[in-house]
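Keep the viewer open as you read.

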Protein chains: 2
Amino acid sequence: MDEASCKYHMIGGDGPNSYAHNSVYQKELIVSAEDLTNQLINSHLDTNKPPFDPRNTFRIADLGCSVGPNTFFAVENIIKSVENKYKKSNRTTQNPNINHQTPEFQVFFNDLVNNDFNTLFKNNLHTSKKSYFIAGVPGSFHSRLFPKESIHFAHCSTALHWLSRIPEEVRESGSMAWNKGRVHYFGAREEVKEVYSVRYKKDMDDFLSFRARELVDGGLMVMVVLGFPDGVVASESSMGVAFGVLGSCFEDLAKMGKISGEKVDSFNLPFYYPSPSELKALIEANGMFDIVRIAKLAAPMRVKPDPRIVTAHLRAVIGELIEEHFGSNGISIDELFKLHLQKVTNSPELFDEEYWKETNYFVFLKRK
Amino acid sequence: MDEASCKYHMIGGDGPNSYAHNSVYQKELIVSAEDLTNQLINSHLDTNKPPFDPRNTFRIADLGCSVGPNTFFAVENIIKSVENKYKKSNRTTQNPNINHQTPEFQVFFNDLVNNDFNTLFKNNLHTSKKSYFIAGVPGSFHSRLFPKESIHFAHCSTALHWLSRIPEEVRESGSMAWNKGRVHYFGAREEVKEVYSVRYKKDMDDFLSFRARELVDGGLMVMVVLGFPDGVVASESSMGVAFGVLGSCFEDLAKMGKISGEKVDSFNLPFYYPSPSELKALIEANGMFDIVRIAKLAAPMRVKPDPRIVTAHLRAVIGELIEEHFGSNGISIDELFKLHLQKVTNSPELFDEEYWKETNYFVFLKRK
């Protein structure tokens with residue numbers, strides 16, 4: 001378990017600032033990925049291969065699951081699709097020796113050790129259909145999580161933009177990649193983006209290699225990856241504007257003497273957003289998976305965005321990260337996000353379609 | 001998941017009243033069970049059976065694990081013993097086609113959904129040697145928890161005295177088994193013990209049947225079961241005295257008008273303590289397991305018991321149960337256990353060896 005990455009997790013519980021109550025965006029993405037998942041499971045799940053014998057348990061992992069309920073919708077859709085595929089295979093089989101049955105399912109919900117697994121388990125008890133056995137697995141998906149060849153299907157939705165750690169260079173005043181005055185590589189010098197990109201490449205390569213070891217022969221993986229189309233200047237996107245707004249909130253609080261200027265300079269968001277061609281090149285360079293499909297998903301939540309939702313969503317995702325960096329006495333999170341909401345309300349670009357450039361890519365892989 | 005049983009769990013976190021800080025007794029038991037476990041794994045783990053092929057993951061479940069660290073000591077001892085057995089099997093094998101290797105291990109830590117899994121995972125991160133993959137599994141061990149034939153070794157230490165629910169009859173004023181004025185069957189009418197015993201038989205039968213379904217062919221199970229030797233009158237044991245003390249604390253608080261007398265009458269501890277012959281008969285009646293060994297474990301913590309430890313231990317185990325029954329506004333837990341400590345200090349029988357009759361039985365089973 002990588003110590004640095006232990007810090008990053010969604011806000012737990014079910015309060016107004018919790019991830020559980022601020023993850024509608026992610027939910028819509030899962031729904032738009034569902035049809036593709038169904039269709040590709042039907043075409044690419046090879047139920048005749050030995051690891052897919054229906055007498056074996058079919059094991060599913062959701063990586064970066066948070067606390068639900070989105071993770072339950074996602075895995076229950078996968079289970080439904082896999083069951084359908086088994087039923088079809090049975091119908092078309094004439095061999096009386098093949099068991100006409102579907103396997104038992106076991107789902108591993110994974111997230112960092114600081115994730116609120118207690119809430120996850122309670123949410124599962126109350127919302128899921130319980131047609132499967134569950135387990136929670138704490139740990140970074142940038143490390144090994146499961147025994148070799150033990151997972152049949154891995155799923156990872158809108159989590160892979162989290163880096164395992166911030167590139168060191170962006171905090172070093174002597175470095176060409178020093179990122180003083182910004183919270184992210186958007187709009188920064190090329191050197192800053194470069195060190196973020198190097199970190200992302202290493203993280204994705206680790207992620208793919210570990211999953212390849214854990215998946216059975218013919219195992220499938222769906223990733224929903226947040227990125228930008230090739231050629232887009234990310235700082236001129238609504239996400240770029242939102243990160244700029246966050247940076248200017250920190251600046252204001254530092255000017256007011258409410259937080260340390262040095263702390264502001266050393267704060268950087270651990271997110272990287274690849275382009276589809278970058279992603280494709282990374283997967284091919286890793287070499288462990290066949291790319292079955294990379295598709296752009298329809299953009300969710302593009303109708304009448306509410307500034308309160310924009311702020312609440314950001315708070316749910318990075319609130320703890322900020323507290324971790326500044327110390328719980330070093331910053332008033334409420335004050336920060338009050339200021340953020342004011343600025344978001346006064347940032348028309350955030351609500352201008354031309355700025356909506358961030359895109360979710362659906363990636364369907366098959367282990368070689 | 002049985003709703004009634006959701007309520008029972010140890011006190012989480014790592015505060016002074018937590019289970020993590022008040023489970024020395026359980027720790028000593030695990031140590032005294034270690035040698036027997038090592039020895040019997042060596043004699044009875046059949047590494048030549050197909051489910052034990054070292055290329056497969058070796059899966060261990062600890063049932064009723066609480067938050068650690070005892071569960072880690074227990075499973076790490078099992079892993080060490082299993083590894084030794086594999087190494088020995090390799091040494092004596094002349095067949096070059098058999099892989100000279102030990103399997104990968106995956107450990108499932110199970111407890112009720114209200115158990116503090118967040119603390120469990122953090123404790124594991126900080127204390128374990130991490131030679132195995134981990135997963136947390138919420139749910140009652142009186143229900144199915146794992147896919148069929150997926151577990152190689154199950155372990156359950158000092159948890160099986162917890163009933164899945166209180167027998168209804170003990171709360172019914174019209175019933176012969178109504179247990180007015182007592183918190184347990186110790187010292188009560190025979191009818192009270194009888195309904196507790198019926199519940200225990202059903203619970204154990206479920207437990208054994210579910211585990212038999214989940215264990216692989218030749219799978220092993222260790223249970224450490226708290227009980228009393230055949231013929232012992234449990235009310236005349238230190239545990240009997242301790243429960244009597246608890247009952248008299250409730251009575252005092254009711255007399256002082258601090259808690260409802262009706263609530264006191266309906267409070268009963270969900271514990272049952274079998275004798276070894278009762279246990280043996282239950283396992284044989286179930287029929288799913290061969291009994292490899294039933295042995296009495298040396299009694300732990302018999303040197304200079306401290307009244308504060310007696311009270312703190314009881315509070316860690318049943319604090320939440322009491323709060324659940326009386327409501328968090330209906331009782332001051334601090335006041336109750338302050339009174340308890342006073343009475344324990346003035347109960348010399350609790351520190352008199354003649355009263356130490358409760359006994360832990362080590363049970364080693366092999367799935368038929």
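B:Pro69 sits in the loop between β1 (58-63) and α2 (70-92) of chain B; helices here are DSSP runs of H or I with at least four residues, strands are runs of E with at least two, and both are numbered from the N terminus. The bond to look at is the one joining B:Gly68 and B:Pro69, which is a cis peptide bond with omega about 5 degrees. Chain A has a cis bond from A:Gly68 to A:Pro69 too, with omega near 5 degrees, and A:Pro69 is placed in the loop between β1 and α2 (70-91) of chain A.

Before going on, some bookkeeping: this is a predicted model, where local features need pLDDT of at least 70 and side-chain atom pairs count only at pLDDT 80 or more, while totals for chains, interfaces and linings use all residues. Residues are numbered from 1 along each chain as its sequence is written, chains are lettered from A and ligands numbered from 1 in the order in which they are written, and side-chain values use heavy atoms, with hydrogens and water left out.

Most residues other than glycine have a negative phi, and most peptide bonds are trans. A:Glu149, though not a glycine, has a positive phi of about 45 degrees. You'll find A:Glu149 in the loop between β3 (133-138) and β4 (151-157) of chain A. Is A:Glu149 buried or partly exposed? A:Glu149 counts as partly exposed because its relative accessibility is 44%; buried means under 20% relative accessible area, exposed means over 50%, and partly exposed is in between (1.4 Å probe, protein chains only). Over in chain B, B:Thr158 has a positive phi as well, near 40 degrees. B:Thr158 lies in the loop between β4 and α4 (190-214) of chain B, and at 12% relative accessibility it counts as buried.

Now hop to B:Ser150, in the loop between β3 (133-138) and β4 (151-157) of chain B. B:Ser150 has 4% relative accessibility, so it counts as buried. Which residues does B:Ser150 touch, leaving out those up to four places away in sequence? The answer takes in both chains: A:Arg59, B:Arg59, B:Glu214 and B:Val216, with contact meaning heavy atoms within 4.5 Å. B:Pro138, for its part, is twelve residues from B:Ser150 in sequence and 17 Å away in space, C-alpha to C-alpha.

Let's turn to helix packing in chain B. The axes of α8 (residues 307-326) and α9 (residues 333-345) of chain B come within 10 Å and cross at roughly 145 degrees; axes are lines fitted to C-alpha atoms, for helices over the stretch in contact, and angles run from 0 to 180 degrees between N-to-C directions. The contact includes B:Leu314 and B:Ile318 in α8(B), and B:Phe337 and B:Leu341 in α9(B). Its residues split into ten nonpolar, four polar and four charged (nonpolar: Ala, Val, Leu, Ile, Met, Phe, Trp, Tyr, Cys and Pro; charged: Asp, Glu, Lys and Arg; polar: the others, Gly among them).

Helix α8(B) also meets α5 (residues 238-255) of chain B, where the axes come within 14 Å and cross at roughly 35 degrees. B:Phe243, B:Leu246 and B:Phe250 of α5(B) make this contact with B:Leu314, B:Ile318, B:Ile322 and B:Phe326 of α8(B). Here the tally is seven nonpolar, no polar and no charged.

Finally, the rings. The count comes to 51 aromatic pairs over all chains, where rings of Phe, Tyr and Trp (its six-membered ring) pair if their centres lie within 6.5 Å, and planes under 30 degrees apart count as stacked, over 60 as edge-to-face and the rest as tilted. One of them is the tilted pair of A:Phe58 and A:Phe105, 5.4 Å centre to centre with 55 degrees between the planes. This pair links distant parts of the chain, 47 residues apart: A:Phe58 is in strand β1 (residues 58-63) and A:Phe105 in strand β2 (residues 105-111) of chain A. A:Phe58 counts as buried because its relative accessibility is 1%.
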